[in-house]
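Hi,

Here is the structure I promised to pass on to you. My notes on the pocket, a surface patch and the salt bridges follow below it.

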Amino acid sequence: MTQRVDLAAVMDRLAIDEVVTGYAVAVDDGDWDGYRALFAPGGRADYSSAGGVEGPAGEVADWLAETMKLFPVRQHLIVNRLIRVADLGGSPGDTAQVRADFLNPMRLEGEESDGTVTAPNFVAAGRYAFALVRTARSGWRLSGVTVHEKWRHMSF
């Protein structure tokens with residue numbers, strides 16, 4: 001590989017990582033327009049393993065917007081990212097796969113007028129499968145997100 005190809009591969013990996021981080025931030029901040037913007041046209045999301053929906057990213061964003069109202073406090077951690085960019089004979093291709101673990105602590109709605117928290121904490125964890133495509137206008141975008149929830153726990 002030449003230095004130019006190596007640099008392109010590094011730039012792709014950084015751009016892909018930014019999309020994955022942007023995904024976590026959009027969900028945590030309830031930025032549903034930002035969530036939609038992370039997807040390529042025709043992009044889909046599948047939350048069915050966590051009891052959610054599967055479908056076009058826009059429809060899933062609408063579902064998330066309603067569902068996440070139950071959790072006013074969210075902190076989405078996406079770690080152990082394994083990024084695989086398609087290889088076109090030594091040059092980076094226009095598709096990529098990311099496998100990453102997640103830990104998602106949240107707090108359910110519920111607080112007394114004196115500020116005492118009365119709601120339980122809810123934690124879910126598992127693994128994401130992200131599929132990405134390089135678009136001509138926006139660079140790397142999600143073509144698919146699949147949640148593989150492994151466990152969940154609720155405590156006060």
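By class, 14 nonpolar, five polar and two charged residues make up the lining of the largest pocket. Please keep in mind that this is a predicted model.

That pocket has a volume of about 360 Å³. Of its 21 lining residues, Ala50, Trp63, Met68, Met106 and Glu149 lie nearest the centre. At least two lining residues come from each of helix H1 (3–29), helix H3 (57–67), strand E5 (91–107), strand E6 (121–135) and strand E7 (139–155).

On the surface, there is a nonpolar patch formed by Leu7, Val10, Met11 and Leu14, which together have about 400 Å² of accessible area. Met11 sits in helix H1 and is partly exposed, at a relative accessible area of 47%.

Now to the salt bridges, of which the structure holds nine. One of them pairs Arg134 with Asp12 at 2.8 Å, N to O. Because Arg134 lies in strand E6 and Asp12 in helix H1, this pair ties together parts that are 122 residues apart in sequence. Asp12 is buried, with a relative accessible area of 7%, while Arg134 is partly exposed at 31%.

Arg127 also forms a salt bridge, with Asp101, and their closest N and O atoms are 2.8 Å apart. Asp101 counts as buried at 17% relative accessibility. Finally, salt bridges with shared partners join Asp12, Asp94 and Arg134 into one network.

Enjoy exploring it!

Best wishes

Technical notes:
Residues numbered from 1 in each chain as written. Predicted model: local features only at pLDDT ≥ 70, side-chain atom pairs only at ≥ 80, totals over all residues. Heavy atoms only, no water. 1 Å grid on protein atoms, 1.4 Å probe; cavity = no way out; pocket = protein on both sides within 12 Å on 5 of 7 lines; lining within 4 Å. Points joined across faces, edges and corners; volume = space filled by probe spheres on them. Helix = DSSP H or I, 4+ residues; strand = E, 2+ residues; numbered from the N terminus. Nonpolar A, V, L, I, M, F, W, Y, C, P; charged D, E, K, R; others polar. Patch = residues over 30% accessible without salt bridge, like charges linked within 9 Å, V, L, I, M, F, W, Y side chains within 5 Å. Areas by Shrake-Rupley, 256 points an atom, 1.4 Å probe, with all protein chains shown as cover. Salt bridge = Lys/Arg side-chain N within 4 Å of Asp/Glu carboxyl O. Buried < 20%, exposed > 50% of the residue type's maximum accessible area, 1.4 Å probe, protein only.
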